[in-house]
Amino acid sequence: MDPAKLPLGQRVNLLVDALNGAKRTNEALARCSDGEAMVEVLLDASRKLGLGLSRRDLLETPPIRDWIWWKNKQALLTIGDNKPRYHQDGGQGRQPKAGAAPAPGVGEPPAPEGEGRKRLFGLF
């Protein structure tokens with residue numbers, strides 16, 4: 001069976017499983033100075049395994065996406081008035097597909113203070 005023909009999630013899982021115990025690859029990932037260097041190491045591992053993963057696949061698919069954000073010291077999720085990168089992998093923040101209806105609230109002006117979104121003060 002050709003692993004490059006598997007669904008994206010399964011190919012990423014195969015890569016993650018292959019990294020478990022791969023001493024040289026893990027050392028190379030640890031030496032990486034940023035997420036771009038990690039992507040290069042992971043692309044090389046994907047090529048050797050015949051998984052056919054692209055740079056975009058690695059940058060957008062958990063858990064590798066999260067590893068790259070962590071290496072770049074970027075927040076996985078922001079809380080407050082800032083928009084999260086992704087909302088529980090629901091695609092928030094991604095470019096809408098051509099012809100797709102925008103998600104509720106996207107492209108609308110912000111609601112006046114006190115309307116719509118409730119604010120949470122304090123810890124929960």
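Just after helix H5 (residues 64-71), Lys73 takes a positive phi of about 55°. Helices here are DSSP runs of H or I with at least four residues, strands are runs of E with at least two, and both are numbered from the N terminus. The model is predicted: local features need pLDDT of at least 70, side-chain atom pairs count only at pLDDT 80 or more, and totals for chains, interfaces and linings use all residues. Residues are numbered from 1 along each chain as its sequence is written, and side-chain values use heavy atoms, with hydrogens and water left out.

The chain has five helices and zero strands, and from the N terminus on its elements run α-α-α-α-α. Among contacts (heavy atoms within 4.5 Å) between residues at least 6 apart in sequence, 51% join residues at least 24 apart.

H5 itself has Ile64, Arg65, Ile68 and Trp69 as its buried residues. Seen down the axis of H5, these fall within an arc of 140°, so they line one face of the helix; the arc is that of the directions from the helix axis to the C-beta atoms. The cover over the buried residues of H5 includes helix H1 (8-19), H3 and helix H4 (55-60).

Between H3 and H4 lies a loop that holds Leu53. Leu53 is buried, with a relative accessible area of 8%. Leaving aside neighbours within four places in sequence, Leu53 is in contact with Leu8, Arg11, Val12, Leu15, Leu43, Ser46 and Leu58. One of these, Arg11, is 42 residues from Leu53 in sequence and 7.5 Å from it in space, C-alpha to C-alpha.

H3 also packs with H2. The axes of helix H2 (residues 23-31) and helix H3 (residues 35-49) come within 8 Å and cross at roughly 160°. Axes are lines fitted to C-alpha atoms, for helices over the stretch in contact, and angles run from 0 to 180 degrees between N-to-C directions. H2 and H3 are therefore roughly antiparallel to each other (over 145 degrees). H2 passes H3 in a right-handed crossing, that is, with the near helix turned clockwise from the far one by less than a right angle. Thr25, Ala28 and Leu29 of H2 make the contact with Met38, Val41 and Leu42 of H3.

Definitions and conventions. Angles under 35 degrees count as roughly parallel, over 145 as roughly antiparallel, 65 to 115 as roughly perpendicular and the rest as oblique. Buried means under 20% relative accessible area, exposed over 50%, partly exposed in between (1.4 Å probe, protein chains only).
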